[in-house]
2 protein chains.
Amino acid sequence: MSKLLLDALHCCNKDRPPVWLMRQAGRYMPQYRAIRAKHSFMQMVHDPEIATEISLLPVNLLKVDAAILFSDILVIAEALGVGLRFDEGKGPIIERPLDKPQDVDRLPLPNISESLHFVGETIKLLKPLLKVPLIGFCGAPFTLASYLIEGGVSRDFKKTKQWMLREPKSFHRLLDHIAKCTIDYIQLQIKAGVQVLQIFDSWANALGHAQFCEFALPYMQQVMQSVKGPKKIPVILFCRGSSLFATEMAATQPAAISVDWSGDIGKVRSAVPLPVALQGNLDPDLLYAPKSLLKREVKRMLKTMRNDPGYIFNLGHGIHPDVGVDAVKLLVDTVQGND
Amino acid sequence: MSKLLLDALHCCNKDRPPVWLMRQAGRYMPQYRAIRAKHSFMQMVHDPEIATEISLLPVNLLKVDAAILFSDILVIAEALGVGLRFDEGKGPIIERPLDKPQDVDRLPLPNISESLHFVGETIKLLKPLLKVPLIGFCGAPFTLASYLIEGGVSRDFKKTKQWMLREPKSFHRLLDHIAKCTIDYIQLQIKAGVQVLQIFDSWANALGHAQFCEFALPYMQQVMQSVKGPKKIPVILFCRGSSLFATEMAATQPAAISVDWSGDIGKVRSAVPLPVALQGNLDPDLLYAPKSLLKREVKRMLKTMRNDPGYIFNLGHGIHPDVGVDAVKLLVDTVQGND
């Protein structure tokens, strides 16, 4: 079992930095597209054998230092019964988005170990096939709430923010309800065997500082703090906005902060000392660049973070679906010193 | 003539902070919508009498402490001959966007004092009618380049960033070309009488730190540094991303940084000492909030920046078109102590 990722998360890595990539099992891979051509996205998520096969793709092809469960943060929305589908090229659609405070009180508290049992099965199938650690994940309550309210991806999060500002009490109730389900969900993942957990607050950058501290961070923290006891595993917090809010995030004492691509990770390290590990933060658009530039930028980041015992190489957001596999492979090889 | 804004820009204001609002002359005002119903957006920009009337609306209605010229950053695109129109509800459209490096070399170097003469005329009409300072403005080269390449508003700036990463030399040539035109444009505005200049790099948050330092900031700086000599006026730099990049922006020594709504302006002040003034940074979405919350948040910001001789109250981005005039009026009244 490769120790690189866990050592870096414990801020005691003396070797080269581990590397894995957000959305490493995704549409940029021809093998993924071949599976996707035969199944809907939700079928792929629901079927433990397919989800296992997809989770393994980047491990085998890229030789990354960690696997991440193939799934989607919105399985929680599905469990909440609001209707979830993925339309080709459009991203997720919530069929019955929440519209008013009373809708929050009508949300069920689902039995997560029943409704999301397929995730546990995937983890159990996948785990024995891996020689690298397995990362589980979930969405953070704010990001999940924004999907439930907007009904999908939003440009301005207007409905979410209007609700939050006009009806803060019911918005807090919604966040709390999602946090409860999410805690059950990560317990399911931990029991099934994930060794690391990443919480994704992908849309937290829709919030200003005071709003982030009131509506996003405390709920990430609540989810994170439920990971305790003898099965305590390291938790990585990711949000868009983490370059700006790193100090506030560090105060909640996660194992690691995954830094978005906006900021300078060296500056973030000055503000966030060890023993908080840092993950990131290459701009995913660099995978469109000529190979020479990509390699130079990867090396520049490695130089910035050299000898940092708590550094994990990653992008600052997920891989775009239309980048070349060669570019992704070059990135991983460069971090691993195989270029 | 009210001295508040200029005193704050010189970091010697002992009075209450001045207040003006980005996009203060806009669609949220019934008077604006009435004019817009009779004219296209570009007619309103091109006609000095109409542009003057619109510029005056918020000064008379809200009693803000500064006027800003009614115009659009994309008049430069129009002067460059790429075709510009504004479709209702869709934002700006560039009819012939740039597609390849050779397109940059085909761009004309227009005679700005001829092609944008209407802006000078508006300023000359407007100036004698004002008892508050008049702010002129322009787009920053990176933001203008992104419009020229994307052909309009973009979610991901993919074309722009791909061009920037794959063809950095021609991208720099484009930025340089836009900067040249922009320098002529602000000279026109200064000669006509604006007393303050704000440079808008609205989409700079599409860039990571190193990219911002290579492709955005130096060109804002180039434009800013052309403002010199006996007619030197204070320059305010605005970008989305200014919460994160405030230190880098401050190093270019602008009179003021306009802070986007993401960050905590108190933290920005700790990182950016006087004599750089700070402007901002209320979340424009707060204008959707109940009056009590809006007022509380305005007062909280005033408290954070109290006794700061270089503070200008503003939003962190422009006013949304669908907020209530009452909310905007309450904001201004609260800052001015008339609530």
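## Hairpin in chain B

In this predicted model, Leu84(B) has Ile94(B) in S3(B) as its bridge partner. The two strands involved, S2 (residues 84-87) and S3 (residues 91-94) of chain B, pair in the antiparallel sense over four bridges; strands pair if DSSP finds at least two bridges between them. Strands (E, at least two residues) and helices (H or I, at least four) are DSSP runs, numbered from the N terminus.

S2(B) and S3(B) form a hairpin with three residues between them. In the turn, Gly89(B) has a positive phi of about 75 degrees.

## Interface of chains A and B

In contact (heavy atoms within 4.5 Å) are 35 residues of chain B and 35 residues of chain A. The two chains bury about 2,700 Å² between them, 52% of it on carbon and sulfur atoms. Buried area is the accessible area (1.4 Å probe) that two parts lose on being put together, summed over both.

Between chain B and chain A there are eight salt bridges, each a side-chain nitrogen of Lys or Arg within 4 Å of a carboxyl oxygen of Asp or Glu. One of them joins Lys161(B) to Asp285(A), with the closest N and O atoms 2.9 Å apart. Helices H10 (158-166), H12 (209-225), H13 (242-250) and H15 (291-304) of chain B each supply at least two residues of the side that touches chain A.

## Confidence and conventions

The model scores ipTM 0.95 and pTM 0.97. Residues are numbered from 1 along each chain as its sequence is written, and chains are lettered from A in the order in which they are written. Local features need pLDDT of at least 70, side-chain atom pairs count only at pLDDT 80 or more, totals for chains, interfaces and linings use all residues, and side-chain values use heavy atoms, leaving out hydrogens and water.
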